[in-house]
Amino acid sequence: MSFDGLFTYSITNELKDSLISGKITKIHQPYKYDLILQVRANGKNHKLFLSAHPSYARIHLTDEAYENPSEPPMFCMLLRKHLEGGFIENITQLEMERIILIDIKSRNELGDITEKRIVVEIMGRHSNIILLDQDRDGLILDSVKHLSPAVNRHRTVMPGHSYVLPPSQEKLNPFLIDEETVLKKLDFNAGKLDTQLVEQFAGVSPLFAKEAIFRAGLANRMTVPNAFLQLIEEVKSFKTSPQITVAGKKEMFYMIELTHLQTADRKTFSSLSELLDRFYYGKAERDRVKQQGHDLERFIANEKKKNINKIKKLEATLGDAEKANEYQLYGELLTANLHALKKGQKEATVLNYYDENGGTITIRLNEQKTPSENAQTYFQKYQKAKNSVTVVKEQIELASGEIHYFDGLLQQIESASPKDIEEMREELVEGGYLKQRHTNKGFKKKKSQTPTIEHYTATDGTEILVGKNNKQNEYLTNRLAGRDEIWLHTKDIPGSHVVIRSKEPTEETILEAARIAAYFSKAKTSSSVPVDFTLIRHVKKPSGAKPGFVIYDNQQTVYVTPDEDFVFARRK
């Protein structure tokens, strides 16, 4: 567990330094469990991100841009009513728990000063964000999640009820102990000293405990208390080194270096907020996309599979069609030997006069038909097969185009935001693949909006634009970009359209844009990915082509390796 009580202590201190006495200017609730408080403090604008997400609960400052709903949820409206214009008086951690209290003073409709408190409980799937009225002894005004008595006997989290803390774990505060206390609480004969540390001391996670035992070296009564308390002192005095550690396929974050993970890769950050922003970059978004786009992804995958099966059948048909010459030969040989054949024969062995060696050939017959009728049957098969070759090849080409189209959509889902998913759904409705969504008020119609394009910045400051679905790609390439600007796309690989907003970009900028194009493609986990670039004037959409499909020429190709850290750093 990375977000333990000690991490909560550290992030609380960081938020204090940035936000105390700050004025809350705006409040948004972009998603069901997430809130953003815009705070003006110390001459700067800050965005405080609060989340009670079951898997990604957290609190930190963020630089990320979030799409806000057209109609704010009721909880957001309540927060605006009580907190907008208010000042943050204090930010504290409740003992060593993963609970942060934000105290706010504001004025009500009558101009009287009121005191409110936001309680942020970071407890996995039980996480919550609760608004309390401190003028009424901490009465609950509302919360992101409601907890009724039927669900939890210990406490009720609903409007009008008094706030009750989660059950206490009755552990010792590690900031208030000495070596003797540590020795008394540990049984060195029982083993599993890291587990014992977690069980005895508040705020200590298995991650912290394993690090303490590792730093103790030869774990005994002399080394463990000292190593444990030294680590505790580092955290207490805010000597943090925010890092994301990748060990194998497992990624974790912490506010100190995890030296016990010796073979791991490490990335260090300047603040805990920057660390959390980076760690959760895309994770919660992917979860939301998975929920919103699961049905869409399944539909697209099924449509792709249908076309794959269709091609198999068409290729079998093409195999039959390619027997056209054989059918023609049978018809001609039967016609030449009508005088020697009789009705009722199951087969006929005749001289193949096309064979230079004068060999014979055996032809199957329908015993219910006359020799002449059998010959006509083969001529009919010949004509049908001959006519179908062109049609079948056209059908195979169309089905291959559909597979390419659906491959592109599946790739787009991998890096899509919730808004991108809705645009993709809209595209499939317009293409006749999906029916228009129906609501109680009739069919759900959306106003046509200009697609939102993602912006990135090259090292030299040049702007780079990225389309993440077909609607965005078409708008970017066909309408937004200038004719002499540079267009990029992975070579023969489904991916995003990327545009450099410069007529003469440097070679370094082209390579950076190519890395972004490679990241937003099906080859994002590959190395040495080929990326084509050319002028917009050389990019064309064929008449009747699928959305997002273009052809281009006069291109050059570079080979780059995608890097998520680089893409994250280049976002505007």
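**Exercise 1.** In this predicted model, describe how helix 1 and helix 7 pack, and state which residues make the contact.

*Solution.* Two packed helices are described by the angle between their axes and the distance between the axes. Helix 1 covers residues 5-19 and helix 7 covers residues 272-279, and the two pack at an angle of about 115 degrees with their axes 9 Å apart. On the side of helix 1 the contact is made by Phe 7, Ser 10, Ile 11 and Glu 14, while helix 7 contributes Leu 272, Ser 273, Leu 275 and Leu 276.

**Exercise 2.** Classify the ring pair of Tyr 405 and Phe 406 as stacked, tilted or edge-to-face, and decide whether each residue is buried or exposed.

*Solution.* The count of aromatic pairs comes to 21. For Tyr 405 and Phe 406, the ring centres lie 5.4 Å apart, and the planes stand at 50 degrees, so the pair is tilted. Buried means under 20% relative accessible area; Tyr 405, with 6%, is therefore buried, and Phe 406, at 0%, likewise counts as buried.

**Exercise 3.** Over which rings do Arg 278 and Lys 524 lie?

*Solution.* The charged end of Arg 278 sits over the ring of Phe 568, at 5.1 Å from its centre, and Lys 524 lies over the face of Tyr 519, 4.3 Å from the ring centre.

How values were computed. Residues are numbered from 1 along each chain as its sequence is written. This is a predicted model: local features need pLDDT of at least 70, side-chain atom pairs count only at pLDDT 80 or more; totals for chains, interfaces and linings use all residues. Side-chain values use heavy atoms; hydrogens and water are left out. Rings of Phe, Tyr and Trp (its six-membered ring) pair if their centres lie within 6.5 Å; planes under 30 degrees apart count as stacked, over 60 as edge-to-face and the rest as tilted. Buried means under 20% relative accessible area, exposed over 50%, partly exposed in between (1.4 Å probe, protein chains only). A charge sits over a ring if NZ of Lys or CZ of Arg is within 6 Å of the ring centre and within 35 degrees of the ring normal. Axes are lines fitted to C-alpha atoms, for helices over the stretch in contact, and angles run from 0 to 180 degrees between N-to-C directions. Helices (H or I, at least four residues) and strands (E, at least two) are DSSP runs, numbered from the N terminus. Contact means heavy atoms within 4.5 Å.
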